[in-house]
Amino acid sequence: MRFLEREITLKDGRTCILRPNAPDLAEGMLEYLKKTSAETPFLLRNPDEVNYTLEGEKEILGRLLEDPYTIMMAAVVDGKIAGNGSISGIGEKRKIRHRCSLAIALYEEFWGLGIGTAMINYMTELAAQIGWHQVDLEVVVENEQAQALYRKCGFIKTGRRHNALLFDDGTYHDEILMYKNLK
Ligand SMILES: CC(C)(COP(=O)(O)OP(=O)(O)OC[C@H]1O[C@@H](n2cnc3c(N)ncnc32)[C@H](O)[C@@H]1OP(=O)(O)O)[C@@H](O)C(=O)NCCC(=O)NCCS
């Protein structure tokens, strides 16, 4: 969906723009998807699973930009992508269409500067405007940094999914389930 750009000042004094992700960022997004999935084990995608073409990525970003029920938010610092976050509906069926789901990842060099907090606060503000009642998310149990961010932004732990992820090294990892009420 389209939404207004928001400018924030980072803890190191730099300026960051939160803006709708769009086809003009497609090339940067391909690099972002590959690099962020290699920098942390806590994302669902492994680096070798990033197989989009530039044209395909442009098409996806263009479609999501016009989708009134999907938020794709890029954080841009000095003209380059620092991170991306998204919120999308869980499903169309009436019993679940009050819920949406959130994901976020930044390049490691931008961790700890306040971008995550600003993005989650802006994305949940937009999600409430769209009309969703709650935001759900899953986070790997060992990912304490992300859980601290979510708690700071008002998310509450509701449960735990056993052995939700199987890493390439053969280890299983539980996920913590969290949600934030938007009403
Ligand atoms: C998780 C992530 C999005 C956090 O974004 P961020 O911009 O670094 O977060 P912020 O700078 O806004 O910090 C938010 C809070 O997290 C906590 N935090 C920050 N760094 C931390 C660290 N190294 N360890 C523990 N908690 C930490 C602090 O409580 C901080 O609040 P404060 O600024 O009031 O001290 C970012 O680290 C990231 O992209 N990680 C890799 C991908 C990932 O794990 N995504 C989530 C998948 S569920």
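Predicted model: local features only at pLDDT ≥ 70, side-chain atom pairs only at ≥ 80, totals over all residues.
Q: Why is L113 called buried?
A: A residue counts as buried if 20 or more other C-beta atoms lie within 10 Å of its own. L113 has 21 other C-beta atoms within 10 Å, and L113 is therefore buried. This residue lies in the loop between β5 and α3.

Q: How do you know that L113 is in contact with L10, K11 and D12?
A: Contact requires C-beta atoms within 7 Å of each other. Leaving aside neighbours within four places in sequence, L10, K11 and D12 are in contact with L113. D12 is 101 residues away from L113 along the chain, yet their C-alpha atoms are separated by 6.8 Å.

Q: What makes β3 and β4 a pair of strands?
A: Two strands pair if at least two bridges are found between them. Strand β3 (residues 70-77) and strand β4 (residues 80-89) have 8 bridges, in the antiparallel sense, so the two strands pair. Within this pairing, I71 stands opposite I87 in β4. The hairpin of β3 and β4 has 2 residues between the strands, and D78 takes a positive phi near 50° there.

Q: How do you know that β4 and β5 pair, and in which sense?
A: The requirement is at least two bridges, and β4 and β5 have 7, in the antiparallel sense. S88 stands opposite S101 in β5.

Q: What makes β5 and β6 a pair, and in which sense do they run?
A: At least two bridges are needed; β5 and strand β6 (residues 134-140) have 3, so they pair, in the parallel sense. R99 stands opposite Q134 in β6. The chain crosses from β5 through α3 to β6.

Q: Why is this β-α-β crossover called right-handed?
A: A crossover is right-handed if, with the strands pointing away from the viewer, the path from the first strand over the helix to the second runs clockwise. The crossover from β5 through α3 to β6 is right-handed, so its path runs clockwise in that view.

Q: What does I115 touch, and where does I115 stand in the largest nonpolar core?
A: The largest nonpolar core has 39 residues, and I115 is among those with the most contacts inside it, together with A75, A82, M119 and M123. Not counting residues up to four places away in sequence, I115 touches L10, C16, A75, A82, G83, L106 and F110.

Q: Which residues surround the ligand, and which element gives the most?
A: There are 21 residues around the ligand, the closest being L106, G116, T117, A146 and A148. α4 gives the most to this shell, with 6 residues.

How values were computed. Residues numbered from 1 in each chain as written. Near = placed C-beta within 6 Å. Helix = DSSP H or I, 4+ residues; strand = E, 2+ residues; numbered from the N terminus. Core = buried A, V, L, I, M, F, W, Y, C linked by C-beta atoms within 7 Å. Buried ≥ 20, exposed ≤ 12 C-beta atoms within 10 Å, placed from the backbone. Contact = placed C-beta atoms within 7 Å.
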